[in-house]
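Hello,

Here is the structure I promised to pass on to you. Have a look at it first, and then read on for what turned up in it.

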Amino acid sequence: MGRLLPFIGFVLLAGLLGFGIWWNSSHDPTAVPSPLINKPAPAFVLPRLDNPAQTVSKDAMLGKPYLINVFASWCFACGEEHPVLMAESKTFGVPVIGYDYKDDPADAKAWLAQHGNPYDLVIADPSGHTAIDFGVYGAPETFLIDSKGVIRYKRIGPLTPDVIAQQLKPAIDALQKEAP
Amino acid sequence: MTPELGQLALILALLLAIAQSTLPLLGAWRGNRALMAVARPAASGQAVFVALAFAILVWAFLHFDFSVQYVADNSNLQLPWYYRIAAVWGAHEGSMLLWVLILNVWTVALALFSRQLPEVFLARVLGVLGIISTGFLAFILFTSNPFGRLLPMPPDGADLNPVLQDPGMTFHPPVLYMGYVGFSVAFAFSIAALLGGSMEQAWVRWARPWTNAAWAFLSCGIVAGSWWSYAELGWGGWWFWDPVENASFMPWLVGVALIHAQAVTEKRGSLRAWTILLSLFAFSLSLLGTFLVRSGILTSVHAFASDPRRGTFILGFLAVVVGGSLLLYALRAPKVAGGKAFALVSRESAILIGNLMFTVAAAMVMLGTLFPLLGDALNLGKISVGPPYFGLLFPLLMLPVILLLPFGPYLRWGKSDTPVLKQVLVRAGIAALACALLAAFFVQGQLKAIAGVASAVWVGVGVALYIVKRWREMPRGRRYPAEMAGMLLAHAGVAVFLIGVMLSESLSVTRDVRMTPGQVATVGGYQFHFDGVTQTTGPNWQAVQGVVTVTRNGAPVAVMHPQKRTYVHEQVQTESAVDPGITRDLYVALGEPMDPNHVERAWALRLYTKPFIRWIWAGGLFMMLGGFVSAADRRFRVKREAEAAQTITATVQEA
Amino acid sequence: MGGLLRKGAWLALMVVSGLAMAQAIDPLPFRDHAEELRFQHLTGELRCLVCQDEDLADSNADFARDLRHKVFELMQQGKSDAQIKQYLVDRYSDFVLYDPPVNPRTWLLWFGPLLILIAGGVAVGYTINKRSRTGTPAAPADNGDDW
């Protein structure tokens, strides 16, 4: 019986490795799931991109759910996500706030002017400090925040039509059903 | 035209490998001498075609044949010829071809230097090596062909990753593979023994030199990789417990256990099943390492491009080879303990304890490396396992080994008398304590450094005492047989390594500084004087080069030239400046200019002093040397006179 | 003593590459050497989420620089190592720690090797016990060649 142990051990190991291959084909191996799901969003106060004298804060946004989409003019994947947002952002049923991350405001404005602006409003975080409180570590990332200011869903990486249909929209619908 | 010849050569090699796998094993089973005799020529033929394919790939690189996809991806017109050769194994497809080439090198060597092996046994050994070769050749031809064409042919290629354009990187993969792949010989011997069923210990004697040599190569390869990482990557470190580093370390640890277990089985006939199992483990871990690096399931700086198809193929291959061998072990391993008995205080016990620690260490490294994957599988969340984990548990597990090491040569087989052991304990112990106290005075209470000195002296004095004992007791010419000399060298290497690790880890000083030209920073007792930057060029790069003059107490020590290179395709690479020394390294890395528009003004620099860091690699090289010297012992190659006499008597009796 | 640098295209290249890579080499205004050591030790135990095979101390990523500055800021505010790590874990999960926490989820990791050691130790003990019981073997003749 003891002689069979190494073989059994190997079978378990092979199972784990096989799982690894399968898991990798359906998941982004570098994605780090957020610990802030179902926790309150950080209390942010950030200036608008178009009018820095005006600020947008978490308190101001309470009362209805909304999306925050983290993007930047230097971010290649955001360029890939952008057409999807342009096409679908109005169909989400909730406001979409653009979150300009570690970007030069002039570059960001030029980028939006060139590619189009799918957002209801755009806020800017040139230093990236507030983004750390959100657990942002790159762009693009998308957060769904409910009417009480709690983060309910996070997408790491670009939004695709599949992800929107299978994950984002159902999450938004669930929120709508919760609090009329 | 020529790349297709390479592909053809590989196909022919595969066919020969299939012949080499199936026919001799069939012949050994059936006692058919003609089939068994296929082994050597098939192996030689396969080697010729694999070498041809490899040569064709090298040729394609040397002659800038960008119509071959692999060449275009990994070289360009500016790449110097020596790095074009290194580029052959710089990415996945080529490195697999190198793997198979080296497998053939070992196979041919075995076929040549195996006159004393019984025919049936050799047929089985070569057959098993043939199976492994078949698997890898099939893998190359079906999923990783280096000869694929790129049409239309581009005017210039991409580049070899600048990080790989370094002598260490040229050297590291071939030597590492010699080690990895070399364990296949011990593996094949063990399978042949399991298949053959007769458990005479003689086969272990034949396996020992091959195993020692493979382990020595692996030691060298790991040292080369660590050295390259230190010299090239700009972080001043030499080991990160990165998954791919661990993938090479696990077989090394099991290899240490195996070398010692083989000694026990050869000389005393005991622990036969355990020795066989370790041989299977060592090569299985080599294969596992090959899998981990290419499957993409672990995040690592080192990982080759991942592809689930390739990962699945290798996993399947692993299942057949490793699973099959372990199943064979379960069915055929010796069930009755054989060989001579041994007492609690004996060399066998010490080796057994050492084996335990090395095996648990390998298991610990595997657990830590794979735990993040386990976390995903069991939904435990995303967890990282890094140097704090390995760096705590590994020394703890090695502590018993270090404590036992001086006693090793003094312990007798079977049963040992304690007086001589007590003597060693006292002498080595006092020496260690004395040096520890002395060290404490110099390093201002740094515990790690003191522990390092104590443990190194403990081990080193133990080795020295035994060297003196043999000198006194034995006549010239019989004092240090090669096997023993190798053992002493390797154990001395442990002492050297301990100094290197413990002192450099505890006494290194690192500082990030902002310096304008003319400023001086003091680090670790040395004054680093920044003299601004100049511009310089190389064969395929341009660089900003800093000039740093180092003095100590006013006396000049070195002028160092850290660089930031920009390669052909805009890849930026930091080339750190290292001033090597026996008692310390000085290390300077150039950061960013404070103002990118004014590179003649202030710069950020990272300055290091690293005491005794070279002793780490020196220790590793001593271990390597020990492995090679041991392997060279004539005793392993010559049939024992007693055995020969027995054969004669048996023949006479039959007649 | 700085050499002459040709401006123009060369400088443009430097600027581009300089902006492209925020370096890990990042002098910060430490109060003293002890604080610098503490910072180095702490950032050496934290993982960069962008270059996931590097620690915070050595990663060249922009994001790593942000987190290093955050760690420095928290140190200046008087937070302890544990508090700083907790701050980061709250935002980035345990993934950011190279030193895995000890909790029920990681018991297998931290105590697995001990269990294997104990199991192996039992096997070794059993083997030695069995072997030493089959009669004390005569100590082999020490002729020096058979060592």
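Before the first number, one definition: two residues are in contact if their C-beta atoms, placed from the backbone, lie within 7 Å. With that in hand, 74% of the contacts in chain A with a separation of 6 or more are made by residues 24 or more positions apart. Please keep in mind throughout that this is a predicted model.

Let me start with the overall form of chain A. Its C-alpha atoms fill a box of roughly 75 × 40 × 30 Å along the principal axes. The radius of gyration of chain A is 20 Å, whereas a compact globule of 180 residues would have one near 16 Å. Of those 180 residues, 38% count as buried.

Next, the secondary structure. Chain A contains 6 helices and 7 strands, and along the sequence they follow the pattern α-β-β-α-β-α-β-α-β-α-β-β-α.

In which order do the strands of the open sheet in chain A lie? The order is β5-β4-β3-β6-β7, which makes 5 strands with mixed pairing. At the edges you will find β5 (121–125) and β7 (151–156) of chain A, each of them pairing on one side only. On average, neighbouring strands of this sheet are turned by 20° against each other, direction ignored.

Now to where the chains meet. The contact involves 20 residues from chain A and 24 residues from chain B. On the side of chain A that touches chain B, 14 residues are nonpolar, 5 are polar and 1 is charged.

Finally, a helix in chain B that is worth a look. Helix α12 of chain B covers residues 308–332, 25 residues in total, and spans 35 Å from its first C-alpha to its last, close to the 36 Å expected at 1.5 Å a residue. Several of its residues are buried, among them B:Phe313, B:Ile314, B:Leu318, B:Val322 and B:Tyr329. What do the buried residues of α12(B) pack against? Their partners come from both chains: α1 (5–26) of chain A, together with α7 (119–143), α8 (167–196) and α11 (272–295) of chain B.

Enjoy exploring it!

Best wishes

How values were computed. Residues numbered from 1 in each chain as written. Chains lettered and ligands numbered in written order. Predicted model: local features only at pLDDT ≥ 70, side-chain atom pairs only at ≥ 80, totals over all residues. Nonpolar A, V, L, I, M, F, W, Y, C, P; charged D, E, K, R; others polar. Pairing = 2+ DSSP bridges. Helix = DSSP H or I, 4+ residues; strand = E, 2+ residues; numbered from the N terminus. Axes fitted to C-alpha atoms, helices over the stretch in contact; angles between N-to-C directions. Rg over C-alpha atoms; globule rule 2.2 N^0.38 Å. Buried ≥ 20, exposed ≤ 12 C-beta atoms within 10 Å, placed from the backbone. Expected span 1.5 Å × (residues − 1).
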